[in-house]
Amino acid sequence: MKTLETERLLLRLWSMQDADDLYEYAKNPNVGPNAGWEPHKDKEFSRNIIKMFIEDEVWAIEYKENNKVIGSIGLHEDRKRIRINGKMLGYVLSEDYWGKGLMTEAASAVIKHGFEEMNLNIISVYHYPFNDKSKRVIEKCGFKYEGTLREATRIFDGRILDDLCYSILKEEYEADKKLG
């Protein structure tokens, strides 16, 4: 897994030494439920998530200013788009770092990596209707709204939620890059 670097962030492989940082933000009840997962109950749970992140090639988002892991980001199989040359962007960020443009910075680096190094044709992303902060990141990164998939996902607490669906095609990314 390639390390990606931005002005303020290092996107890198997770290690077990990151368990304290992960637990610190993932236990927050304002973080996980926005992405559909239950807040972490203990550090052992966080360590198991790190093992999964390593297997699934999910980047740790390290804030250069304090060398702290403040979130995660990855390109995953999109179960709604099977057998295509595409991935689904997924991410989460510590509440302490919301509103600073950090997730847009991280997502932009991963999108660039997806199109320019992985040669993907499409990157999709989804958010739940109540997650306006994620919606803002998605729009700032140039994704196009496709529509709402109603009652699409059952989350950890049993609720069934709509998925607001977005994507960006490689040619859209390249056109935006030429303009920017």
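The dialogue below takes up a helix, the cores, the salt bridges and the rings.

Tutor: Ground rules. This is a predicted model, where local features need pLDDT of at least 70, side-chain atom pairs count only at pLDDT 80 or more, and totals for chains, interfaces and linings use all residues. Residues are numbered from 1 along each chain as its sequence is written, and side-chain values use heavy atoms, with hydrogens and water left out.

Student: How many residues of helix H1 are buried?

Tutor: Terms come before the count. Buried means under 20% relative accessible area, exposed over 50%, and partly exposed in between, using a 1.4 Å probe and protein chains only. Helices (H or I, at least four residues) and strands (E, at least two) are DSSP runs, numbered from the N terminus. Helix H1 spans residues 19–26, and six of its eight residues are buried. They are Ala-19, Asp-21, Leu-22, Tyr-23, Tyr-25 and Ala-26.

Student: What covers the buried residues of H1?

Tutor: The cover includes helix H3 (43–56) and the strands S4 (68–76) and S5 (86–93).

Student: Next, the cores. Which residues have the most contacts inside the largest nonpolar core?

Tutor: The general idea: in soluble globular proteins, nonpolar side chains tend to be buried together. A nonpolar core is a set of buried Ala, Val, Leu, Ile, Met, Phe, Trp, Tyr and Cys residues joined through side-chain atoms within 4.5 Å. Here the largest one has 32 residues, with Leu-11, Ile-73, Leu-89, Ile-123 and Phe-143 having the most contacts inside it. Several elements each supply at least two of its residues, among them strand S2 (9–12), helix H4 (102–116) and strand S8 (160–169). H4 gives the largest share, eight residues.

Student: What is Leu-89 in contact with, leaving aside its neighbours within four places in sequence?

Tutor: Contact means heavy atoms within 4.5 Å. The partners of Leu-89 include Ile-73, Ala-107, Val-110, Ile-123 and Phe-143. A second, separate core has 13 residues, including Leu-22, Tyr-25, Ile-49 and Val-92.

Student: How many salt bridges does the structure hold?

Tutor: Side chains of opposite charge can pair when their charged atoms come close. The criterion is a side-chain nitrogen of Lys or Arg within 4 Å of a carboxyl oxygen of Asp or Glu. The structure holds 14. Take Lys-2 and Glu-117, at 3.0 Å, N to O. This pair links distant parts of the chain, 115 residues apart: Lys-2 sits in the segment before strand S1 (4–5), Glu-117 in the loop between H4 and S6.

Student: Are Arg-12 and Asp-18 buried or exposed?

Tutor: Arg-12 is buried, at 16% relative accessible area. Asp-18 is buried too, at 5%. Their salt bridge has its closest N and O atoms 2.8 Å apart. Compare Lys-41 and Glu-38, with closest N and O atoms 2.5 Å apart. Lys-41 is exposed at 59%, and Glu-38 is partly exposed at 36%. Shared partners also join Arg-12, Asp-18 and Glu-62 into one salt-bridge network.

Student: Last, the rings. How many aromatic pairs are there?

Tutor: Rings of Phe, Tyr and Trp (its six-membered ring) pair if their centres lie within 6.5 Å; planes under 30 degrees apart count as stacked, over 60 as edge-to-face and the rest as tilted. The search finds five pairs. Trp-14 and Phe-53 form a tilted one, 5.1 Å centre to centre with 40° between the planes. Trp-14 lies in the loop between S2 and H1 and Phe-53 in helix H3, so the pair ties together parts 39 residues apart in sequence. Both Trp-14 and Phe-53 are buried.
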